Amino acid sequence: MANSLADELIRIAKGEILYDSWSRDIYSVDASHYTIKPSMILCPLDESDVERICQYCFSKSLSITARGAGTGLLGQSLSDSIIIDFTRNMNKILEIGTDYVIVQPGLVKGILDKELKRRGKFFPPDPASQNYCTIGGMIANNSSGAHCLAYGNTIDFLQELRVVYSDGSSGLVNSNSHRSEEKEGSHRFTDLLRLLSSHIEIIQKGYPKVTKNSCGYRLDKVINDNAFYPHKLFAASEGTLGMVTSARLKIIDIPLYRYLIVAGFKDLLSALSFVPLILKFSPVALELLDSTVVRHNRVKNNIINNTDHHYHPQPRNKSEKEKEKEKEENKEKGCLLFIEFAGDRLAKVEQRFHSLRSKLSSDQCTIIESAADEQSLVRMWGSRRNALNQATKMTVGSRKPIGLIEDTVVHPYMLYEHAQQLLQMYSKNKLDYVIYGHAGDGNLHTRPLIDLGSQAEVRLFDLLANQVFQRVIRSGGTITGEHGDGLARVKYIESVYGSQIYSLFQEIKSLFDPRFIMNVGKKVIIQSRN
């Protein structure tokens, strides 16, 4: 079957086709715990190649899944059918303007960062995988990162896209797409506008009231403020509605001044109790690393061992010996907050930085490091990023950190209570765990250590996930802020939005992918019409 199919595709596609066992094994995994072996992998040369591949697969009702770097945490790019790998050939920067950049989906974010930095610009979303994730994957997940607190998520920077649909047709998608369709003989976006307009009140009321969300389709961003932004439909869609072949993204100036504080607290809840206060000073980033992450790597050592001259003794009546002992105790069992200020007016940045630092001078907090030079900032943020990468690889016997409840978002002022409930749950069920996240956005990344070979532990994990998700949804939050739904969370999407909005998702899937061949099993559960 694979050989005959490959023979047909070789005559159709110009790019490389892989179907040997080794290649299929390589593409059977991503950053999740799933393993699904594809039938073959296609590496298109250009958009016309993607069009021909989609047209052929549509005619044969063959499912196709787009893939970038495979950094998805929930099996987004895994399939037992055909994988379209954009990283081999469609990985270029096509154009850089004063306030925008046009790129192909297989471009690595880290490469874009370096090129933009030479021009004093940046594309703000900065996930922990930014050195190797692709722009296409970031769009598919609506990626965010440490600095979305100030700048926004990937969806906020999309200006227009070129998209190939499941039937092989293609086009430019922007805020004028529904007006230009008549000339092209198409009706997707006209029908989409009509559908959403008749449900606008439900959409406005039915979405989580948080600043980041990658659950389901982002209809709240597609139609709002009496405007229509159809290109934003593809952000967080995980390649289920079309394949992005190029993207025009907004870019902005790198701020002239940046100050970073790393503050140590005695424990997680103590750190979170300070979040409302810190947010009053408008930081551009407010990140959390708990001791459950730190004790399994050297992030604090990387910071503290390089920063003795940055340590600021607190104005308390304690001996130097007591202060050093406290510092070491926080280093081993405490919690870190990374707090960054940035802007183009030095006086304003410094005022916020120094005002907050004085407020943090308490018995509950120690300033471990502060810095404003580029080298220190890179090292400090690098230590945090490395800590997270190491945490996901941690094992205790046959147990390892499993993602499912790892991306919940609540209002930041509710974060303390949310974390408290998580800690009680872990304690009650005697589960080891890791916890960190984007505290400023109310986004906690936590993973219990689970033995997937134990049916009892898997059942327990499912039960706990249901409980966590129900609490988050009742609070007006979302079950995924930036990691997406993938295979793991697709069955929970309807519980977030309710049946009316979920039925809209199904109608939109039918409108854009009538044969249900694009990334099957993601975003909506629907019976194939093959």
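These legends describe close-up views of one predicted model. Because the model is predicted, local features need pLDDT of at least 70, side-chain atom pairs count only at pLDDT 80 or more, and totals for chains, interfaces and linings use all residues. Residues are numbered from 1 along each chain as its sequence is written, and side-chain values use heavy atoms, with hydrogens and water left out.

**View 1. The nonpolar cores.**
A nonpolar core is a set of buried Ala, Val, Leu, Ile, Met, Phe, Trp, Tyr and Cys residues joined through side-chain atoms within 4.5 Å. Buried means under 20% relative accessible area, exposed means over 50%, and partly exposed lies in between (1.4 Å probe, protein chains only). The largest core holds 98 residues. Leu192, Leu219, Leu233, Phe234, Leu360, Phe505 and Phe512 touch the most other members. Helix 20 (residues 493-512) gives the largest share of this core, 10 residues. Another core lies apart from it, with 23 residues, among them Ile17, Ile53, Cys57 and Leu62. Helices (H or I, at least four residues) and strands (E, at least two) are DSSP runs, numbered from the N terminus.

Helix 3 has 14 residues, which should span 20 Å at 1.5 Å a residue. The expected span is 1.5 Å times one less than the number of residues. The end C-alpha atoms of helix 3 are 20 Å apart, which agrees. Its buried residues are Glu47, Asp49, Val50, Ile53, Cys54, Tyr56, Cys57 and Phe58. Ile53 and Cys57 also belong to the core of 23 residues. Just after helix 3, Ser61 takes a positive phi of about 55 degrees.

Helix 18 covers residues 415-428. Its 14 residues should span 20 Å, and its end C-alpha atoms are 20 Å apart, in agreement. Leu415, His418, Ala419, Leu422, Met425 and Tyr426 are its buried residues. They sit on the same side of helix 18 because they cover an arc of only 120 degrees around the axis. The arc is that of the directions from the helix axis to the C-beta atoms. On the other side, Gln424, Ser427 and Lys428 are exposed.

Side chains of opposite charge can pair when their charged atoms come close. A salt bridge is a side-chain nitrogen of Lys or Arg within 4 Å of a carboxyl oxygen of Asp or Glu. By this rule the count comes to 24 salt bridges. One of them joins the side chains of Lys14 and Asp46, at 2.9 Å from N to O. Lys14 lies in the loop between helix 1 (2-12) and strand 1 (16-18), and Asp46 in the loop between strand 2 (40-43) and helix 3 (47-60), so the pair ties together parts that are 32 residues apart in sequence. Lys14 is partly exposed, at 45% relative accessible area. Asp46 is partly exposed too, at 25%.

**View 2. Glu340 meets Arg258.**
In this salt bridge, the closest N and O atoms of Glu340 and Arg258 are 2.8 Å apart. Glu340 lies in strand 16 (residues 335-343) and Arg258 in strand 14, so the pair links distant parts of the chain, 82 residues apart. Glu340 is buried because its relative accessible area is 1%. Glu369 meets Arg379.
Glu369 and Arg379 form a salt bridge, with their closest N and O atoms 2.9 Å apart. Glu369 is in strand 17 (residues 365-371) and Arg379 is in helix 17 (residues 374-391), 10 residues apart. Glu369 is buried, at 0% relative accessible area. Arg379 counts as partly exposed, at 23%. Elsewhere, salt bridges that share partners join Glu115, Arg118 and Arg119 into one network.

**View 3. A nonpolar patch on the surface.**
Leu256, Tyr257 and Leu346 form this patch, with about 270 Å² of accessible area together. Patches are made of residues with over 30% relative accessible area and no salt bridge; like charges are joined within 9 Å, and nonpolar side chains (Val, Leu, Ile, Met, Phe, Trp, Tyr) within 5 Å. Accessible areas come from the Shrake-Rupley method with a 1.4 Å probe; for residues, only the protein chains shown count as cover. Tyr257 lies in strand 14 (residues 257-265). At 31% relative accessibility, Tyr257 counts as partly exposed.

**View 4. Leu431 and Glu457.**
Leu431 lies in the loop between helix 18 and strand 20 (433-438). Leu431 is buried, with a relative accessible area of 10%. Leu431 and Glu457 are 26 residues apart in sequence, and their C-alpha atoms are 9.9 Å apart in space.
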